[in-house]
Amino acid sequence: MSDVTVAGIGGSLRPGSATETVLRVALTEVERLGGRTLCVTAGDLNVPLYDWGSPRGPKERYLVEVMASADALILATPTYHGGMSGLVKNALDYAEDLRGRRAPYFSGRPVGLIALAQGAQGGASALASLRTTVHALRGWPTPLGVAVDTSRTRFDPDGRCQDPHIQSQLEILASQLVDFASCRTVRSLPGANTEPAWA
C-alpha cells in the first residue's frame with residue numbers, strides 16, 4: 001500500500017473551506033491505509049484560466065505534475081448552481097496538458113469524487129458533472145461518490161467529521177482508491193497485464 005500516492009484536488013480559494021476540510025478527511029483515511037498523499041487546494045488552484053497555448057508558470061506546472069504523477073486522485077468541489085465550481089473545472093482543464101503523455105489524461109487511474117452543497121440535491125448533480133468530466137479524461141470514477149449536505153454535516157475544530165454516515169462514506173471512498181490503485185500499480189510492473197484489475 002505504501003507505493004500508492006493519492007492526490008487531492010479541490011476546495012475553494014478560501015483556505016480551510018468546508019470542501020477542503022472534507023478533502024483532507026478523505027486523504028487522512030488514505031494515509032491510515034498506508035498511502036501517500038498530496039493536496040492541491042486554495043491558493044494552489046488560483047491559476048489563470050486555461051489557455052492551450054499560453055506559457056505555464058510554477059503553479060500551473062505543479063498542478064499538472066501532481067495530476068500526472070498520482071496513482072489515484074480525489075476531486076472535491078463545492079456545488080455552484082448544480083455543478084462543480086469554476087475553480088475546480090479550470091484545474092481539470094489543465095489536464096489537457098497531459099494529452100501527449102504515455103498514458104494521456106487520467107488514463108486507467110481511479111478517481112474519487114466529493115461534492116458539497118447546502119442540501120442533498122445540489123451535491124448529487126455536482127457529482128454527476130464531476131463523473132462526466134472524469135470519464136472524458138479517461139479516468140475510472142470509484143463506485144462510491146460522496147455528496148455532503150453541509151446543512152447537516154458538522155466538523156470539530158480539528159477538522160474531524162462529526163457525522164458517522166459521511167465519515168463512513170469517506171472511509172469507503174479512500175479504501176476503494178487505495179485498493180484499485182494498488183491493483184493498477186501491480187499490473188504496471190514489467191511483464192504484468194496492463195488492464196486495470198477492476199475492468
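## The model and its numbering

The structure is a predicted model, in which local features need pLDDT of at least 70 and side-chain atom pairs count only at pLDDT 80 or more, while totals for chains, interfaces and linings use all residues. Residues are numbered from 1 along each chain as its sequence is written, and side-chain values use heavy atoms, with hydrogens and water left out.

## Overall fold

The protein chain holds 5 helices and 7 strands, where helices (H or I, at least four residues) and strands (E, at least two) are DSSP runs numbered from the N terminus. Followed along the sequence, these elements give the pattern β-α-β-α-β-β-α-β-α-β-β-α. The radius of gyration, taken over C-alpha atoms, is compared here with a globule rule of 2.2 Å times the number of residues to the power 0.38. For this protein chain the radius is 16 Å, close to the 16 Å that the rule gives for 199 residues, so the chain is as compact as a globular protein of that length.

Along the principal axes, the C-alpha atoms of the protein chain fill a box of roughly 50 × 40 × 25 Å. Buried residues make up 52% of the 199 residues; buried means under 20% relative accessible area, exposed over 50%, and partly exposed in between, with a 1.4 Å probe and protein chains only. Of the contacts (heavy atoms within 4.5 Å) in the protein chain with a separation of 6 or more, 73% come from residues 24 or more positions apart.

## Strand E3 and its partners

Which strands pair with E3 in the parallel sense? E1 and E3 run parallel and are joined by 5 bridges, and E3 and E5 pair in the parallel sense over 6 bridges; two strands are said to pair if DSSP finds at least two bridges between them. Ile-9 stands opposite Leu-75 in E3, whereas the bridge partner of Pro-78 is Leu-116 in E5.

E4, in contrast, runs antiparallel to E3, and 2 bridges join them, with Thr-79 standing opposite Met-84 in E4. The hairpin of E3 and E4 has 2 residues between the strands, and His-81 takes a positive phi near 55° there. E3 is mostly covered, with 8 of its 9 residues buried.

## The nonpolar cores

A nonpolar core is a set of buried Ala, Val, Leu, Ile, Met, Phe, Trp, Tyr and Cys residues joined through side-chain atoms within 4.5 Å. In soluble globular proteins, nonpolar side chains tend to be buried together. The largest core in this model has 30 residues, of which Ile-9, Leu-63, Met-67, Leu-75 and Phe-106 touch the most other members. E1, H2, E3, H3, E5 (110–117) and H4 each supply at least two residues of this core. A second, separate core of 25 residues includes Ala-26, Cys-39, Leu-144 and Val-148.

Leaving out residues up to four places away in sequence, Leu-75 touches several residues, among them Ile-9, Leu-92, Val-111 and Leu-130. In helix H3 (residues 86–93), the buried residues are Val-88, Asn-90, Ala-91 and Leu-92, and what covers them includes E1 (5–10), H2 (58–69), E3 (72–80), E4 (83–84) and H4 (120–136).

## An aromatic pair

Rings of Phe, Tyr and Trp (its six-membered ring) pair if their centres lie within 6.5 Å, and planes under 30 degrees apart count as stacked, over 60 as edge-to-face and the rest as tilted. By this rule there is 1 aromatic pair. The rings of Tyr-50 and Tyr-94 have their centres 5.0 Å apart and their planes at 85°, so this pair is edge-to-face. Tyr-50 lies in the loop between E2 (36–40) and H2, and Tyr-94 in the loop between H3 and E5, so that the pair links distant parts of the chain, 44 residues apart. Tyr-94 is buried, with a relative accessible area of 1%.

Ala-117 in strand E5 counts as buried at 9% relative accessibility. Although Ala-117 and Asp-149 are 32 residues apart along the chain, their C-alpha atoms are separated by 5.3 Å.

Val-146 lies in strand E7 (residues 146–149) and is buried, with a relative accessible area of 0%. Beyond its neighbours within four places in sequence, Val-146 is in contact with residues including Leu-113, Leu-127, Ile-166 and Leu-173.
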